[in-house]
Amino acid sequence: MCSRVAWTGPVAHTWVWSDVPSRDVGAEAEFAWIPESLLRPAPVGDGVRLLRLVEGVEGQYWHHGVLRASRWWAAAPAPDAWGRFMRGCGLPADACVPEPEDTGWADRPWASQGLKLPASPARLEGLAWRGALGLLVLLAGWQLAAALTWFVARERQDATLDTLRAQAAPLLEARERAEAARGVLQGYRDLAAAGLSDYVLMADVAAGLPEDGQLSGWQRDRERLQVAVRSTETDPRRYVSAYQASIVLGEASAAPARDGAMQLDFVITPPSEVTTPDTDMVGGDAAGAAAPVGLNPAGADVERAHADDTGATP
């Protein structure tokens with residue numbers, strides 16, 4: 001089935017073919033079906049006419065210069081068929097069939113065919129599909145090119161960052177070592193500010209050693225001190241008891257080492273962090289005695305006698 005539409009002002013004319021003869025044409029050939037009556041000249045006046053065509057005849061009814069109805073027959077219609085056509089046009093039935101007219105061909109169609117396409121709908125549809133496919137390929141290619149560009153740029157950036165990291169690694173390691181050393185030095189400064197230098201600590205540790213004791217190792221980490229002692233004294237309690245009276249070295253522990261030496265571990269307490277309570281006054285003494293910071297080199301207790309001014313015995 002095939003159809004065609006043409007316009008005369010606001011009126012649309014439609015032709016429909018139920019059986020379209022086949023044409024043996026090539027695949028690239030384009031053709032369109034046009035009704036023959038559209039190529040015949042329009043009548044001068046209104047009325048009914050029977051038009052002779054290349055194949056068959058066509059009855060037409062024109063009113064106010066517009067084709068209102070038409071009917072095709074393979075041969076001249078019978079009177080009753082012509083009468084039905086007249087009644088279909090809203091006219092009185094007439095049994096007299098007019099003679100078919102041969103009007104020739106018109107210079108141009110008497111009705112407008114609407115917007116004229118540059119090609120057939122089939123070709124335009126094919127072009128539309130090709131254009132859509134080309135657009136998709138273009139978009140995919142653009143995305144692929146953008147992704148490839150980003151990938152190359154990222155690889156270059158990563159290579160640059162790796163080079164910079166390799167160049168900055170020694171500096172970062174040196175910075176970490178410097179910060180660690182600064183922390184250690186700051187701890188030593190804090191201890192030195194509290195009056196606890198290694199020289200003073202060595203004197204205090206040596207004061208509590210046995211007579212044949214010798215320092216064979218010294219390792220200090222801020223407030224922690226580890227000392228190795230070589231002596232014939234092998235009882236750890238002897239070493240711990242020797243430093244119990246010390247405020248600075250009071251937290252002491254001793255254990256035999258694998259090499260035969262005695263290992264002493266101290267937790268150093270700066271004097272500034274120690275608060276000594278006031279001692280009870282004996283007699284008329286107004287000032288309390290403060291506990292010593294280090295050890296007495298002789299290891300003996302210092303006796304203090306207090307007497308009042310009246311010489312009375314307590």
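Biologist: Which side chain does a polar contact of 2.8 Å join to that of Gln60?

Modeller: In this predicted model, local features need pLDDT of at least 70 and side-chain atom pairs pLDDT 80 or more, while totals for chains, interfaces and linings use all residues. Residues are numbered from 1 along each chain as its sequence is written, and side-chain values use heavy atoms, with hydrogens and water left out. A polar contact is a pair of N or O atoms within 3.5 Å; within protein, one must be able to donate a hydrogen and the other to accept it, and residues adjacent in sequence count only if both atoms are side-chain atoms. At 2.8 Å, the partner of Gln60 is Trp62.

Biologist: Is Gln60 buried or exposed, and what is its relative accessible area?

Modeller: Buried means under 20% relative accessible area, exposed over 50%, and partly exposed in between (1.4 Å probe, protein chains only). Gln60 therefore counts as buried, its relative accessible area being 0%.

Biologist: Which residues is Arg68 in contact with, leaving aside its neighbours within four places in sequence?

Modeller: Arg68 is partly exposed, at 46% relative accessibility. Its C-alpha atom is separated by 9.0 Å from that of Val11, 57 residues apart along the chain. With contact meaning heavy atoms within 4.5 Å, the partners of Arg68 are Val11, Tyr61 and His63.

Biologist: How many disulfides does the count come to?

Modeller: Cys89 is buried at 14% relative accessible area, whereas Cys96 is exposed at 54%. A disulfide is a pair of cysteine sulfur atoms within 2.5 Å. By this rule, the number of disulfides is zero.
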